[in-house]
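Open the model in your viewer and keep the selection panel at hand.

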Amino acid sequence: MMEELISRALEARSRAYAPYSRFQVGAALRCEGVVHSGCNVENAAYPLGTCAEGGAISAMILAGGRRIEEIVIVGGGDQPCTPCGGCRQKLREFGLPDLKVHMISPAGILLLTRTLAELLPDAFGPDNLE
Ligand code: THU
């Protein structure tokens, strides 16, 4: 399953629309055994660009999923593409604190794994509104 997540994240990255930053990102997540993926989609009006993680979450929701069980993110270069602050909060909406977030290189090599709790400690989430 990790291999499928990696290949789908790389495939998604290859379809990224990033003419402004030239930083292509792909993300692939697993939900109930199904993989959903997304890429970043930039816009000439810069703040309107969307992240790869958000695209993968949208695909999961469209398919009726609600729980992210594992996610792989791939950016460019040797540094792990850690999710931006906004994406960490989006992951919290559908992921438990022990959600594993894997960051890989464009060559498909695992660079870093963090739990969501490590990336977003003491997170505000759906539980806070119960
Ligand atoms: N980006 C993502 O898609 N996900 C991240 O976690 C970090 C950043 C995108 C947004 C923008 O299109 C480009 O990378 C440069 O910031």
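Select helix 3 (85-94): its buried residues pack against helix 2, strand 3 and helix 4. Those buried residues (under 20% relative accessible area with a 1.4 Å probe, protein chains only; exposed is over 50%, partly exposed in between) are Cys87, Arg88, Leu91, Arg92 and Phe94. Helices (H or I, at least four residues) and strands (E, at least two) are DSSP runs numbered from the N terminus.

This is a predicted model, in which local features need pLDDT of at least 70 and side-chain atom pairs count only at pLDDT 80 or more, while totals for chains, interfaces and linings use all residues. Residues are numbered from 1 along each chain as its sequence is written, and side-chain values use heavy atoms, without hydrogens and water.

Next, select Leu29, Ile68, Ile71, Ile73, Leu91 and Val101, which touch the most other members of the 19-residue largest nonpolar core. Such a core is a set of buried Ala, Val, Leu, Ile, Met, Phe, Trp, Tyr and Cys residues joined through side-chain atoms within 4.5 Å. Helix 2 gives the largest share, four residues. A separate core of eight residues includes Leu5, Val35, Val74 and Ile104.

Now go to helix 1, residues 2-14. Leu5, Ile6, Ala9, Ala12 and Arg13 are its buried residues.

Key:
Contact means heavy atoms within 4.5 Å. The expected span of a helix is 1.5 Å times one less than its number of residues.
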